[in-house]
Amino acid sequence: MTDTAAPDYHEMWAELGLDLPMHDALLEAVGGMYGGTFMTQKNRPEGMGYLDFVMSEVHGLRIKELHDFRKSGGKVVGTYCLYVPEELIRAAGAWSVGICAGAEWAYDEVEQILPRNTCALIKSMVGFKLGKVCPYLEESDLLIGETTCDGKKKAYEELGKMQNLYTMELPQMKRPKDVAFWRSELVDLIAKLEELTGNKITAESLAASIKEVNDKRRALQRVNAARAADPTPISGLDSLLAVQVAFYDDVPRFTQSMNALADELEKRVADGVGVAPAGAPRILITGTPMALPNWKLHQIVENAGGVVVGEEMCTGSRYYEKLVNEDSATLDEMLDDIAAKYLDINCACFTPNTGRIDDVIRMAKDLKADGVIDYALSFCGTYQIESAGVAKTVQEAGIPVLRIETDYSAEDVGQLSTRVEAFLEMVK
Ligand code: BJ8
């Protein structure tokens, strides 16, 4: 082996019990998709080199880090939803990884357990487990589920038969008594994490993790604020990737790299350097999250000559916009802060969920979007039902809207491209 040969991780993957031939096929497919989607973009910021590297090692170096951490006694906790506070996991000395669920896998097996008409995200979540192709899942000592939508809630019961899984009960309203209940769920989660790790969460450890995770969110805020410029200094695809990677990368290293990227973007804005020509149609996307490697809609919009300038979704602003208060001194106060911050996320599983529409209109104005695309995964009842109301209110605010319902397959790419092209034509 020469110095430049890529390391071979097959022994580690075999230790994790992955299905090696299928896993090789998955890596090859994702690698090909990444090359075709990201590396063909023109005039990318140099800072994206970090994310290209992270993605080239997505099942390699990062998994090795988790593997070594666990061998030295550390614990890894896998999560699927924005409501699960990373701060508490880190304060217990564990590492948090967001599990992806963004590609079709092992659907034949999945459909023996779940109905065919289940959303792609849930099918993917179960498919990666059944197909034994996700090293993040296999490195997780504990998975944390949550009672958000019915599909996820019931799918966690199935996943829990295959892996150590703990479910948090999330209220579906945001009244003071719901915040109090959610806080009590955080107390239970702390007990669970302390039992898992053998570490006590203290005011010191929690204050440090609040600051660390806020720093990560602040770095992403800077990256995303630069997108308000015309021409925009970074593509929607690259910005989406940054948030997708934020869920599983090493926190301080990621924060440092995103701040370096933000420095570069701010300089590009000052110099008038963009990834698309000034005046290209600017699109804000709102809706269901886009888990790795779901880049379908961004690619369609940007291939059609538009530029995505923001995402009002869990793989977007809902992840980085709000911070946990850093001024509290006691564990009790910090728990109040975390409960308040997390229950302030605007997910369609809540009723009412008008904060989401306010955010869409505010973001569309701040980012000078020419149009909004409302994106819902097929069979996601909550987001599909919200879609008509979101579209009506956004249109009343004078912003054109395109409503799209799709899944992870490539079958409808041609048809979606035609609709997106017509929409871009119309908004400019
Ligand atoms: S906070 S958006 S990450 S629940 S797409 S599985 S809702 S049927 S993902 Fe979500 Fe947390 Fe809410 Fe965000 Fe169900 Fe819809 Fe599928 Fe969904």
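Which cavity is the space taken by the ligand? That space is the largest cavity. The model is predicted, so to speak "computed" throughout: local features need pLDDT of at least 70, side-chain atom pairs count only at pLDDT 80 or more, and totals for chains, interfaces and linings use all residues.
- Cys 119, Cys 149, Cys 314, Cys 347 and Cys 380 come nearest among the 15 residues around the ligand (near means a heavy atom within 4 Å).
- This shell splits into 12 nonpolar, 2 polar and 1 charged (Ala, Val, Leu, Ile, Met, Phe, Trp, Tyr, Cys and Pro count as nonpolar, Asp, Glu, Lys and Arg as charged, the others as polar).

**The largest cavity**
- You'll find 3 cavities of 30 Å³ or more here (a cavity is a set of points on a 1 Å grid over the protein atoms alone where a 1.4 Å probe fits but cannot get out, and lining residues have an atom within 4 Å of a point).
- The largest cavity holds about 630 Å³ of space (the volume filled by probe spheres set on the points).
- It is lined by 39 residues, and Tyr 80, Cys 81, Leu 82, Lys 152 and Pro 289 are the closest to its centre.
- Strand 2 gives the most to this lining, 3 residues (strands are DSSP runs of E, at least two residues, and helices are runs of H or I, at least four).
- The lining has 27 nonpolar, 8 polar and 4 charged residues.

**The second largest cavity**
- Its volume is about 180 Å³.
- Of its 13 lining residues, Leu 26, Val 30, His 59, Cys 100 and Pro 293 are the closest to the centre.
- Helix 2 (residues 20-38) supplies the largest share, 3 residues.
- This lining counts 12 nonpolar, 1 polar and no charged residues.

Definitions and conventions:
Residues numbered from 1 in each chain as written. Heavy atoms only, no water. 1 Å grid on protein atoms, 1.4 Å probe; cavity = no way out; pocket = protein on both sides within 12 Å on 5 of 7 lines; lining within 4 Å. Sits in = over half its atoms within 2 Å of the grid points.
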